[in-house]
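Q: Hi, could you walk me through a few parts of this protein? I'm new to reading structures.

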Amino acid sequence: MDAGLAALPQTRFALRPENLVGLDALRRMGAPVDLSTAAVRTIEAELPTFAALVDGIEASGKGLVMTMGKGGVGKTTIAAAVAVELAGRGHEVLLTTTDPAAHLTETLAGDVPNLTVSRIDPEAETQAYRDHILASKGASLDAQGRAMLEEDLRSPCTEEIAVFQAFSRVIREAGRKFVVMDTAPTGHTLLLLDATGSYHRDVMRHAGENASHMTTPMMRLQDPERTKILIVTLPETTPVLEAARLQEDLRRAGIDPWAWVVNASLAATGTTHPVLAARAATEAPEIAKIRNGLATRHAIVPMLAEDPVGAARLRALVRQSMKLAVATGDL
């Protein structure tokens, strides 16, 4: 801890073997950890692996893969792992992000053969769009007309249009190679999909007899042969609930998620540490919800002792073998 922070008054809470959900759990937050009732065992188990999920993605030979979910669940890591594994199998891959806070280059920590990394930067895309409009439509305007156009381009709608156009260009690239997109947290992503849906409706409304020959970005997102949405979550109550709501929002837009990825699972590590094993056992109900109703297909990714930074660790994450820590009676 930084010396300045360490000098401040502190209250420390132990990591508890339960999720802090519900009044009883919150009341126990400051109490000593009691493991006397925890009956946990480690077993060999056949869990859906991340590698098997990548096998299914690879089968199409090309296409768009999008990781979605709330902030902090590991979307960037999962996207980078998928991209690195596909590139390692000899495919041309573009890894891109719409998340301003994402750090793909830091996660990759170096160049990877067959892999290109890009970013949809709202600020840069908006400036490029403004410059293009001023150079084209603004070229023939007088000073007053140009000033009015510049004022119009300062509207918040300009950024929405610019980001949507960049998003559409990336989607088109998925027609000839794999494009893996790390999206912004749920709220920002839904706004982008909103713009995509609005554009689709506007295009189809004016298409007339040509509608059957047109393919909009929304139509590509709705096509499971072209786009595979991976919902990333943690094996905890709130992240699973929020991921389920995201899935409902996507389905209302006609987009059916292809798979769920349960990230950072303690249960999948086979830990024997008393606190961690007891906490791992609490994951079972959340994983059961995903397996038995929420997801068509899913994969479990174990929590790692070290951050998966760099191509070697990202590949190891995909190919991780697993044991399962469960409470007696869960199986």
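Predicted model: local features only at pLDDT ≥ 70, side-chain atom pairs only at ≥ 80, totals over all residues.

Q: Great! At what angle do helix α6 and helix α8 pack?

A: Helix α6 (residues 122-136) and helix α8 (residues 156-173) pack at about 100°, and their axes are 8 Å apart. That angle makes α6 roughly perpendicular to α8, because 65 to 115 degrees counts as roughly perpendicular.

Q: Which residues of α6 make the contact?

A: From α6 they are P122, E125, T126, Y129 and R130. The α8 side includes I161, A162 and R169.

Q: And what's that contact like by class?

A: The contact of α6 with α8 has six nonpolar, three polar and four charged residues.

Q: New topic: where is H103?

A: H103 sits in the loop between β3 (93-97) and α5 (104-108). It is partly exposed, with a relative accessible area of 46%. The C-alpha atoms of H103 and T76 are 7.7 Å apart, although the two residues are 27 residues apart along the chain.

Q: Now helix α11. Which of its residues are buried?

A: In α11 the buried ones are P239, V240, A243, A244, L246, Q247 and L250. Seen down the axis, the buried residues of α11 fall within an arc of 160°, so they line one face of the helix.

Q: Why would residues line up like that?

A: An α-helix has 3.6 residues a turn, so residues three or four places apart point the same way.

Q: Last one: what follows α11?

A: That's G254, with a positive phi near 80°.

How values were computed
Residues numbered from 1 in each chain as written. Heavy atoms only, no water. Axes fitted to C-alpha atoms, helices over the stretch in contact; angles between N-to-C directions. Helix = DSSP H or I, 4+ residues; strand = E, 2+ residues; numbered from the N terminus. Parallel < 35°, antiparallel > 145°, perpendicular 65-115°, else oblique. Contact = heavy atoms within 4.5 Å. Nonpolar A, V, L, I, M, F, W, Y, C, P; charged D, E, K, R; others polar. Buried < 20%, exposed > 50% of the residue type's maximum accessible area, 1.4 Å probe, protein only. Arc of directions from axis to C-beta.
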